[in-house]
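Hi! Here is the structure I promised to pass on. Have a look at it first, and then read my notes below.

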Amino acid sequence: MKETEISKHTISVLVDNEAGVLARVIGLFSGRGYNIESLTVAEVDASSHQSRITVVTSGTPMVIEQIKAQLSRLVPVHKVSDLTLSGPCVERELALVKVIASGEKRVESLRIADIFKARAVDATNSSFVFEIIGSPEKIDAFIKLMEPLGLSETSRTGVAAISRGTLTM
Amino acid sequence: MAERILSGSEVVLQALVDQGVEVVFGYPGGAVLPLYDEIFKQNRIRHILVRHEQAAVHAAEGYARSTGKVGVVLVTSGPGATNAVTGLTDALMDSIPVVCLTGQVPTHLIGNDAFQEADTTGITRPCTKHNYLVKDSAKLARTMHEAFHVASSGRPGPVVIDLPKDILVAKAPYLEPSQVQHRTYNPVVKGDRGQIEEALELLASAKKPILYCGGGVINSGSQACKVLTEFTRLTGVPITLTLMGLGAYPASDKQYLGMLGMHGTYEANMAMHDCDVMIAVGARFDDRVTGNLDFFSPGSQKVQIDIDQSSINKNVPVDIGIVGDVGHVLEDMMKIWKAKQHKIEAKALDSWWDEIEGWRGKHCLSYKQPKDIIKPQHVIRRLHALTRDRKTYITTDVGQHQMWAAQHFGFEHPHEWMTSGGLGTMGYGMPAALGVQVAHPDATVICFTGDASIMMNIQECATLTQYRLPVKTVILNNRYMGMVRQWQQLLHGSRYSESYSESLPDFVKLSEAFGFTGMTCNNAADLDDALTKMLEIDGPVILDVAVDDKENCYPMIPSGKPHNEMLLGAETTGDEAIDSDEGMVLV
Ligand SMILES: Cc1ncc(C[n+]2csc(CCOP(=O)(O)OP(=O)(O)O)c2C)c(N)n1
Ligand SMILES: [Mg+2]
């Protein structure tokens with residue numbers, strides 16, 4: 001890859017689930033001017049108090065290398081893994097999408113939801129809340145299609161990701 | 001083993017003792033009174049009362065840099081902690097091991113805007129290597145020991161432990177250092193063998209090699225500096241040091257090209273520019289070293305050895321990046337170089353040295369000392385000559401005098417040079433010297449400072465008096481913020497906006513008011529006498545030397561320019577204005 005080419009990377013970070021650890025990670029990104037496209041965090045191992053942070057970022061190869069090195073040297077960080085480089089991975093995001101519409105638009109929104117395998121998790125006479133799970137691209141496409149049909153609000157979780165196959169962090 | 005239950009303050013003190021701490025630089029206040037009470041009751045740890053918390057951190061830095069040990073600071077909550085922030089940032093930028101204990105309001109008041117509450121861990125997160133807020137007495141001892149481990153291992157740095165007052169009072173179990181295991185932070189010290197072999201093959205095939213070494217070598221320790229020196233002599237390669245690395249290799253040696261970078265020597269910068277193989281050891285390609293990155297050493301293959309993975313490929317992409325402690329890696333390099341009987345082709349190396357001698361012939365640091373008016377460089381040179389047979393430590397403030405000290409005082413050993421490199425903190429010099437003198441009571445400790453810098457921590461004169469610390473402070477008084485004036489002259493059409501030192505105090509009277517000797521020197525003919533007299537005085541001295549107020553610091557690579565476009569200055573080209581819009585926006 002060219003040294004100046006900017007690419008997107010999904011990075012998983014295993015951290016001690018202690019006060020301030022998220023602030024350290026976010027502070028590192030803002031302080032050094034790195035980009036955060038999405039960030040999710042939750043405890044994944046209660047017995048060892050470890051959380052997994054998944055951050056989607058972009059930069060030149062040198063910047064991505066820096067981001068990983070900077071993350072690795074934070075004291076509460078156990079492991080850093082670049083899922084984009086380590087082979088194929090599964091990336092999933094969940095979104096809740098509120099559409100307020102009536103008549104033909106309302107029917108069309110249901111039809112598209114069906115195609116995307118989105119579920120209506122709430123409905124009133126004039127609105128739906130759809131739940132959709134998929135890759136960020138799929139969710140982007142769904143939201144785009146809902147725009148002219150009365151899209152009024154979205155809430156997205158950000159990306160959770162994991163390597164395919166037997167590879168682990 | 002039966003757990004020992006102590007008070008929180010006793011745990012802190014015991015942990016300090018078990019970590020080998022002998023001295024703490026601090027300043028009391030409400031939130032840390034339980035600790036001060038504990039300090040009062042014991043005599044294992046000495047407390048040095050500074051007069052400002054920033055100075056406490058700089059003193060701890062001076063102590064740490066001159067001993068290789070961790071410097072320890074104790075300050076109160078709120079303003080005590082915020083005053084320490086500049087010092088912590090300074091220690092972070094220069095990778096100096098410091099543990100700073102800050103008081104905090106009791107845990108039940110945290111978040112209530114209590115009196116003297118500040119979000120200390122929030123404020124210091126970006127300016128420490130790591131920080132802790134202890135909310136659970138059970139974790140106090142572990143946190144203390146872990147802080148020392150984090151501060152001193154890997155790439156060293158400052159660590160803050162924020163201690164709520166109730167935690168200092170409550171009972172807490174004590175753990176010995178050996179009972180604490182570090183779960184995540186265990187930096188790699190051994191370098192990869194394959195990479196080291198590759199790097200040596202590259203070096204052996206070089207025609208124009210150079211070693212570029214920085215503060216990482218000094219942090220790695222005296223042994224690392226010794227091995228570096230042996231390796232340099234064995235290979236016959238020229239070596240240059242960064243501002244932070246001075247003393248890692250003896251300045252008097254013929255293979256030494258001097259300091260590199262913005263105010264480095266012509267030969268060092270030209271050799272960096274023209275080399276074909278560069279070995280960077282514990283140096284981080286700082287912008288003060290590289291100049292314009294687009295033109296930095298364009299034809300070389302680069303090897304970088306650093307304990308911090310994030311220093312590698314940060315500013316300058318390298319061909320081989322070896323993560324490890326430079327001391328360990330250099331030992332391996334020595335062994336393998338000998339075992340494989342590597343040798344750099346003599347003819348190539350000779351002609352490289354011929355080229356270097358040509359650059360040396362410019363005598364880029366030369367100056368003419370007239371009969372009367374004192375050149376600042378001359379003060380540094382004379383004091384160097386007069387202290388050759390004493391154990392001498394030098395600290396500086398920030399500005400032209402700092403660069404002149406770096407250029408003209410030849411450092412032969414590591415740990416004898418303390419300056420604020422990364423942050424460039426005016427006000428560093430005197431408190432750092434204080435810390436050095438506490439660590440080395442019998443040594444000569446000199447602080448080179450400027451008329452502007454000295455005012456930034458002048459209150460520490462009282463600390464010098466109280467503890468009878470015989471620090472010799474030499475003001476290179478040009479009545480200007482000289483470095484600012486120089487940039488204004490070269491880049492801003494000689495518009496000397498706010499850079500004149502107006503209303504300076506009478507430093508002789510000021511010294512006397514603080515209870516020690518003040519001296520002046522205004523004429524070159526009197527300089528040696530003044531310096532000699534100062535060195536002989538058994539106590540602190542401020543020597544105010546009136547120096548040429550127009551003198552500029554050369555050589556200089558203007559910001560944004562490549563290494564081979566240095567300004568050599570008055571002797572050769574005069575003080576020419578730098579015509580560069582790009583340079584004007586850079587720092
Ligand atoms: C705390 C701080 N404020 C401002 C500066 C910017 N600065 C760098 S050098 C300098 C002038 C220093 O003047 P002086 O101490 O007299 O030293 P000289 O350059 O004259 O030798 C200033 C203001 C700084 N480095 N640190
Ligand atoms: Mg000055």
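**Two helices in chain B**

In chain B, H378(B), V379(B), R382(B), L383(B) and L386(B) of α15(B) touch L527(B), D528(B), L531(B), T532(B), M534(B) and L535(B) of α21(B), where contact means heavy atoms within 4.5 Å. Sorted by class, the residues of this contact are seven nonpolar, two polar and two charged. (Ala, Val, Leu, Ile, Met, Phe, Trp, Tyr, Cys and Pro count as nonpolar, Asp, Glu, Lys and Arg as charged, and the others, Gly among them, as polar.)

Before going on, the ground rules: this is a predicted model, where local features need pLDDT of at least 70 and side-chain atom pairs count only at pLDDT 80 or more, while totals for chains, interfaces and linings use all residues. Residues are numbered from 1 along each chain as its sequence is written, chains are lettered from A and ligands numbered from 1 in the order in which they are written, and side-chain values use heavy atoms, with hydrogens and water left out.

Back to the pair: the axes of α15 (residues 376-386) and α21 (residues 527-536) of chain B come within 10 Å and cross at roughly 50°. That is why α15(B) counts as oblique to α21(B) (under 35 degrees is roughly parallel, over 145 roughly antiparallel, 65 to 115 roughly perpendicular, and the rest oblique). Axes here are lines fitted to C-alpha atoms, for helices over the stretch in contact, with angles from 0 to 180 degrees between N-to-C directions. Helices (H or I, at least four residues) and strands (E, at least two) are DSSP runs, numbered from the N terminus.

**Over to chain A**

Chain A has four helices and nine strands, in the order β-α-β-β-α-β-β-α-β-β-α-β-β from the N terminus. Its C-alpha atoms fill a box of roughly 55 × 45 × 35 Å along the principal axes.

Which helices pack at an angle of about 145° in chain A? They are α1 (residues 21-31) and α2 (residues 61-72), with axes 11 Å apart. V25(A), L28(A) and F29(A) of α1(A) meet I67(A), Q70(A) and L71(A) of α2(A). That contact has five nonpolar, one polar and no charged residues.
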